Amino acid sequence: MKLWPVAFLLFVVLQLKAQEINIIPKPASLQTQKGSFTITPATTLSYIDEGDKQAADFLNTYLQKFYGFQLKRSKQPTTNFIRFSTKKFIKAPDNEGHYSLTVTTKNVVADGDSYAGTFYAMQSLIQLLPLKKSKVLSLPNLVIDDQPRFTYRGMHLDVSRHFFDVDYVKKYIDFIALHKMNYFHWHLTDDQGWRLEIKKYPKLTEVGAWRAGTIIGRYPGTGNDSIKYGGYYTQQQVRDIVQYAAERHITIVPEIDVPGHSLAAITAYPFLSTTPNVPKKVGETWGLTDINNVLIPSDSTFNFLNDVLSEVMELFPSKYIHIGGDECNKRWWKESAFCQELMKKESIKNEYELQSYFINRIEKFINSNGRLMMGWDEILEGGLAPNALVMSWRGEKGGIEAAKQKHQVVMTPGTYCYFDHSQTKNEDSITIGSYLPVAKVYSYNPVPTALTADEAKYILGAQGNVWTEYIGNTTKLEYMIFPRMSALSEALWTEPANKDWKDFEQRLQPLFSRYSFWGVNSSKAYYDIISEILPTANYSGIRWKLKSKFKNSGLRSYIHDEYYSKVESKKDSLNLILSHSGTYEVQLDRTFPDGPGFGYIATVSELKQTFSFNLATGKKITLTNPPSVTYPGNGGTFGLVNGVASEKGINSPEWLGFNGKDMEAIIDLGKAETIDTVTVGVLQSESSWVYLPSSVEVFTSQDGKEFSPVKNPVFQNVALKNRNKFSITFTP
Ligand code: TNX
């Protein structure tokens, strides 16, 4: 008797769980209704024309891949069907993609204002499917009415630094489609490899697609692997990929990066260089600054580019053609007699104007072929070409300026859109630049407040950029894009009023299950344990404060340290008081409500930290002069005695930097102690203007007032990886 209510409750809870709706990007309006529709192999698909067939085909491919069955077409079904119908007679607005999706017990109807709209309705439908392989798929009854905020919702991929094959590029295009994004910016050429077959210039791929080796480690690197690396896409393959994307309502914007970033092309055809007689080779390292990778603005170069771009436009129907324009080192034009002569002849005042002259000539050619030119924001320097679109990557400044000049803009500022940046503070592989967590990507609003409503109309949208210097395989690629790409898709689709991080977080957790259902990798940095190292109240050890994201969420989250004493916590935080050296591991485990093996437990975050105790560890420390604003250390002054010796070099935020005045620290040991060695860890990174101290002195004091220098100090300097250690040994 007593068991019944319990069983009933459980049933209700499970039912509710199964009906959870986690569509990303979030639809403009969604109303759930009682009841559900069940897809089984007996369900049929209804569509009338080729356009709607594309949505039907995508759904069938998806069902086959993840559920092991397909649906048959039926012309006039009465019940148990999914219908795709595009209202072709309603004129689609500029940002096509408006759709409605209605799920009732009898059928599912996807209606778009355009084929793209119907396709997006189908994408929402896909996200309603349970994340468990089955031939009985239940969908909640609902009505969705939805449309995109921006017309340009893009993802970029650099295939020059590392090459991704045709099958994977298609998979990447599928990722874009699954997020209702509609542009794929394909960065096809750069210093380290030319990846597109050009019939008229076969050496571009015979020579330019291959490098003899690749730098090892983070630039400037620890060597070269001497392994031949490369690859390219044949025109036939490109046609196939363009078609594949079009069926998914994705436009591919090809990029041929000029006049800088052109070392691969120059190696193949030295006449393109200002120094044709200096031998060149396809780039094997990143961040090329000392090598002449710049095209000479000669008629032969423009003829070459016109030929190349003609083949490009033949292959890519996109109305936008990207010509790069970024990071062109003007030094090579300054040093070139030809360029200086040309500048005189054409009354070009400086090399920035010469870049503008270069870009203008290409634009004319592109425009004369009925296309528009796109370029990175450097194309603003020296005067913007008349019809150019600007991709703003060095912050939003270039985009703002271009919009004010009434030019269309796609925003890709590094601070929000660079998926080659690190998304965790505990990064265990090499990434570029700064820290870009998923929450920051989500917060992005591509329309800067500096623009008036009229100017804002020039912002077409934004794009996530994936530069692949440190992304050499697809596992890493997926790790870098997921979940940030999902967050960006919502920032681009969903109106700001309807966008809410807390709400996204609720959908982010099941999204991780969706990634694993798809069999793709993703970064779990969202679950990072938040760690703080603090002094104890009486300076007798250190307090390691750990926090997890989950607040009594009903999810089993606990933290324990494995090597020392095992402490478990069902709460969201843990305080460990440490008093001796060791390597401590903290692990955050979660029970996933769905995903492979219902209710499985997985470790979502781990943190390993070595603490080395010495007499100063955890003690009270004061500085006479404050650290520099650029390097305040993330643990403040206490970071100097918190037991953590940074192994990570300049990229670790633990270092305190001092500029101008001496660094003077007073450590209060609390009582008289016998000291025989003082060790000071210092960092040297001259390329970042970080230098070793010119001298180090040690004083002792009995009362904290009178200090005397130590007697007979013996100095020793140990150069370690990324840092140095000064040991001062003395006889007390
Ligand atoms: C700058 S973004 C570049 C790329 C690099 C990237 C690394 C841009 C237009 N140029 O060539 O790969 O930084 O983040």
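Okay, let's start at a loop: Glu 327 is found between β17 and α9 (331-334). When I say helix or strand, I mean DSSP runs, H or I with at least four residues for helices and E with at least two for strands, numbered from the N terminus. Phi of Glu 327 is near 45°, which is a positive value in a residue other than glycine. Glu 327 is also partly exposed, with a relative accessible area of 45%. For the wording, buried is under 20% relative accessible area, exposed is over 50%, and partly exposed is in between, with a 1.4 Å probe and protein chains only.

Quick housekeeping. This is a predicted model, where local features need pLDDT of at least 70 and side-chain atom pairs count only at pLDDT 80 or more, while totals for chains, interfaces and linings use all residues. Residues are numbered from 1 along each chain as its sequence is written, and side-chain values use heavy atoms, with hydrogens and water left out.

Now, the barrel. Which strands close into it, and in what order? There are eight of them, β8-β9-β16-β17-β18-β19-β20-β23, and the pairing is parallel. Two strands pair here if DSSP finds at least two bridges between them. On average, neighbouring strands of this sheet are turned by 25° against each other, direction ignored. Those angles are taken between axes, lines fitted to C-alpha atoms (for helices over the stretch in contact), and they run from 0 to 180 degrees between N-to-C directions.

Let's zoom in on one pair. Strand β17 (residues 320-324) runs parallel to strand β18 (residues 372-376), and three bridges join them. Ile 321 stands opposite Met 373 in β18. Packed on this sheet is helix α11 (residues 351-368), which touches β16 (251-258), β17 and β18. The direction of α11 makes about 150° with that of β18. Touching, or contact, means heavy atoms within 4.5 Å.

Moving on to helix α12 (residues 397-404). Which of its residues are buried? They are Gly 398, Gly 399, Ile 400, Ala 402 and Ala 403. The cover over them includes β19 (389-392), β20 (409-411), α15 (453-456) and β23 (459-464). Just after α12 there's Lys 406, with a positive phi of about 65°.

Buried or exposed? Glu 469 is buried, at a relative accessible area of 12%. Leaving aside residues up to four places away in sequence, Glu 469 touches Asp 158, Arg 161, His 162, Trp 286 and Ile 432.

A couple of cis peptide bonds to point out. One runs from Val 258 to Pro 259, with omega near -5°, and Pro 259 sits in the loop between β16 and α7 (263-268). Another joins Phe 482 and Pro 483, with omega about 10°. Pro 483 lies in the loop between α16 and α17 (484-493).

In general, strands of a sheet pair through backbone hydrogen bonds, either parallel or antiparallel.

How many bridges link β24 and strand β25 (residues 542-547)? Six, in the antiparallel sense, and Leu 534 has Arg 543 in β25 as its bridge partner. On the other pairing, β25 to β27, six bridges join the antiparallel strands, and the partner of Lys 545 is Asn 575 in β27.

In a regular strand the side chains alternate between the two faces of the sheet. For β27, the covered face has Leu 574, Leu 576 and Leu 578, and the uncovered one has Ser 573, Asn 575 and Ile 577. Between β24 and β25 there's a loop with Tyr 539 in it. Tyr 539 has a positive phi of about 55° although it is not a glycine, and it is partly exposed at 30% relative accessible area.

Last stop: strand β31 (residues 665-668), where we find Ile 666. At 34% relative accessibility, Ile 666 counts as partly exposed.

That's the tour, happy to take questions.
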